[in-house]
Amino acid sequence: MKTKPLSEQVAIVTGGGTGIGRSFTEALASAGVKVVIASRREEVLRKAANEINGKLEAERVFSYPLDIRDPLQITSLTGRVLAQWGSIDLLVNNSGLAVPESVEAITEDGWDEVMETNLRGVMQLVRAVLPHMIGNDFGDIVNVSSQAGKNGYADVPSYCASKFGLLGYAEALRDHVRKKDANIRVFNFCPGLVDVENTQPGEEPREGFIHVANMARTLLYALSLERNVVLEDVNIYCR
Ligand SMILES: NC(=O)c1ccc[n+]([C@@H]2O[C@H](COP(=O)([O-])OP(=O)(O)OC[C@H]3O[C@@H](n4cnc5c(N)ncnc54)[C@H](OP(=O)(O)O)[C@@H]3O)[C@@H](O)[C@H]2O)c1
C-alpha cells in the first residue's frame, strides 16, 4: 500500500488560523507538511501563516480565503492547491461554529448557518477532494466533530445535530472508500472542552478544558499509524 512521508504531503486545514486548527497547522508544518489554511477572515489566516513560517524559518503555511458554505469557493481552493502541488494528501475538516439557542427558540437562520458550515460545507469539500485522493491512491480525511456529536446539550441543539450528523456522514464516507478499496483513512475527533485561549506551550488550560497541544499530538499519532489501521472516533476530554 502506498505511503508518503509527511514532509512530502500537502494538507488543507479549514479554520487553520485559529484555535484547534491552528494547533494542527503548527504541528503539521513542523513535521514538514505544506499546509493550506482556509477560512473567511483573510487577515487572521495571513497572520497565523506569517507567525508559523517565521518560527519555522520556512514557507510551509499558505493562507486561502474560504467560506466553506460556497461550492464555488471550494472548487477554486482545490483547483489552486492541485495546480500548485498536484495533490491534496490530508484534508482536515476543522471549521465549525455554534450559535446560542434553545430547542424552543431555535431560529431558521441559526440552524442554516450551523448546518451549512459544520455539515454541508464538509460534504462539499470532501466531494471536491476525494476524486483526487482516489486518483493519487493516497489520502487522509480528518473530521473534527465534538463530544456534542455523541451527547446532546440543551443549549446547542443545532450544533449537536450537525456534529452527530458529521459522524454519520463520516461513516458513510468510510464505507465508500472501503468499497472502492481506496488507500484513504477517515479519522474523527470528538473533543470535549479544548482551551483555545491559553494555547502557548506550558500555559495552564482553564478548569475542565484540555490544552490544545493534546489535539495536535493526537493528530500526529493518528497519522503515524499504518495505512490499513482504522482508528474510529477519538474521544478526548478533560477527566
Ligand atoms: N474548542 C472546543 O472546546 C471544541 C470542542 C469540541 C469541538 N470543537 C470543534 O473544533 C473546531 C475548531 O473550533 P475551535 O474551538 O478551534 O474554535 P475557533 O477558533 O472558533 O475555530 C473555528 C474556525 O472555523 C472557521 N469558520 C467558521 N465559519 C466558517 C466558514 N463559513 N467557512 C470557513 N471557515 C469557517 C473560523 O474562521 P473564520 O471565522 O475566519 O471563517 C475559525 O477559524 C470546530 O469544528 C468546533 O466545533 C471545539
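**Terms and cut-offs in a predicted model**

Colleague: Where does Ala161 lie?

Modeller: Ala161 lies in helix α5; helices here are DSSP runs of H or I with at least four residues, strands are runs of E with at least two, and both are numbered from the N terminus. This is a predicted model, in which local features need pLDDT of at least 70, side-chain atom pairs count only at pLDDT 80 or more, and totals for chains, interfaces and linings use all residues. Residues are numbered from 1 along each chain as its sequence is written.

Colleague: Why does Ala161 count as partly exposed?

Modeller: A residue is buried if 20 or more other C-beta atoms, placed from the backbone, lie within 10 Å of its own, exposed if 12 or fewer, and partly exposed in between. Ala161 has 19 C-beta neighbours inside 10 Å, so it counts as partly exposed. Its C-alpha atom is separated by 9.7 Å from that of Asn118, 43 residues apart along the chain.

Colleague: Why is α1 called largely enclosed?

Modeller: Ten of its twelve residues are buried, so the rest of the structure largely encloses α1. Among the buried ones are Arg22, Phe24 and Glu26.

Colleague: What makes a set of residues a nonpolar core?

Modeller: The members must be buried Ala, Val, Leu, Ile, Met, Phe, Trp, Tyr or Cys residues joined through C-beta atoms within 7 Å. The largest such core has 54 residues, and Phe24, Val35 and Ile37 are among those with the most contacts inside it. Helix α4 (residues 108–136) gives the most to this core, with eight residues. Another core, of six residues including Val114 and Tyr159, lies apart from it.

Colleague: With which residues is Ile37 in contact?

Modeller: Contact requires C-beta atoms, placed from the backbone, within 7 Å of each other. Leaving aside neighbours within four places in sequence, the contacts of Ile37 include Val13, Leu45, Ala48 and Val61.

Colleague: How do you know that β4 pairs with β1 and with β5?

Modeller: Two strands pair if DSSP finds at least two bridges between them. Strands β1 (residues 10–14) and β4 are parallel and joined by three bridges, with Val13 opposite Val92. Four bridges join β4 to β5 (residues 139–144), also in the parallel sense, and Leu90 stands opposite Asp140. Both pairs therefore meet the requirement of at least two.

Colleague: What makes both faces of β4 covered?

Modeller: Leu90 and Val92 on one side and Leu91 and Asn93 on the other are all buried. In a regular strand the side chains alternate between the two faces of the sheet.

Colleague: Why are β3 and β9 called edges?

Modeller: The open sheet has seven strands in the order β3-β2-β1-β4-β5-β6-β9, with parallel pairing. Strands β3 and β9 each have a single partner strand, so one side of each has no neighbour in the sheet. For β9, that partner is β6 (residues 184–191), joined by three bridges, one of which pairs Cys190 with Asn235.

Methods
Contact = placed C-beta atoms within 7 Å.
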